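Here are some exercises to work through with the coordinates open. Try each task before reading its solution.

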Amino acid sequence: MNTLSWVRTCGLSLALCFAAAAHAQTKVVYHLNEGLAQAARAMGNIRNHLAADPNAKITVVTHGPGIDFLLEGAMTPSGQPFAGTIGDLASKGVKFDVCNNTLETRKIPKEKVVMEASVVPSGVAEVANLQSKSGFVYIRP
């Protein structure tokens with residue numbers, strides 16, 4: 001292979017790498033553990049995030065007071081139900097995870113968790129796994 005062919009091959013390879021990186025899906029974990037006010041902020045952040053990047057893969061992981069908005073009948077600090085927002089975001093592919101350790105510690109039956117959410121063994125372990133094993137970027141609103 002002559003030098004010119006080698007340079008063209010390298011250039012084409014770099015261009016393909018940059019193109020692949022540009023089209024890679026952004027994966028984000030939103031970590032919620034503070035309660036309803038944080039959840040209300042996060043819902044707005046996630047809506048804005050999806051408006052800017054509709055292909056983003058978003059997982060919301062909750063533990064401690066962060067699970068409260070994912071319980072049946074939860075209301076925002078301004079008195080609006082979270083249910084509509086949760087359903088809308090879930091229909092756009094947002095995944096919601098609730099910490100089982102929190103449910104057990106607080107003696108909350110799993111049946112109280114909204115149907116759009118999944119129960120994971122540990123919220124903090126789920127955040128760590130998503131970051132270390134699945135390449136998710138961490139956001140804490």
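**Exercise 1.** Find how the side chains of E34 and R140 meet, and where the two residues sit.

*Solution.* Step 1: E34 and R140 form a salt bridge, with 2.9 Å from N to O; the term stands for a side-chain nitrogen of Lys or Arg within 4 Å of a carboxyl oxygen of Asp or Glu. Step 2: E34 lies in the loop between β1 and α2, while R140 lies in the segment after β5 (137-139), so the pair links distant parts of the chain, 106 residues apart; helices (H or I, at least four residues) and strands (E, at least two) are DSSP runs numbered from the N terminus. Step 3: E34 also bridges to R41, the closest N and O atoms being 3.7 Å apart. Step 4: shared partners join E34, R41 and R140 into one network.

The model is predicted: local features need pLDDT of at least 70, side-chain atom pairs count only at pLDDT 80 or more, and totals for chains, interfaces and linings use all residues. Residues are numbered from 1 along each chain as its sequence is written, and side-chain values use heavy atoms, leaving out hydrogens and water.

**Exercise 2.** Are E34 and R140 buried, partly exposed or exposed?

*Solution.* Step 1: take the cut-offs, buried under 20% relative accessible area, exposed over 50%, partly exposed in between (1.4 Å probe, protein chains only). Step 2: E34 has 46%, so E34 is partly exposed. Step 3: R140 has 42%, so R140 is partly exposed as well.

**Exercise 3.** Determine how the side chains of D88 and K92 meet.

*Solution.* Step 1: D88 and K92 form a salt bridge at 3.4 Å, N to O. Step 2: D88 is partly exposed at 30% relative accessibility, and K92 is partly exposed at 47%.
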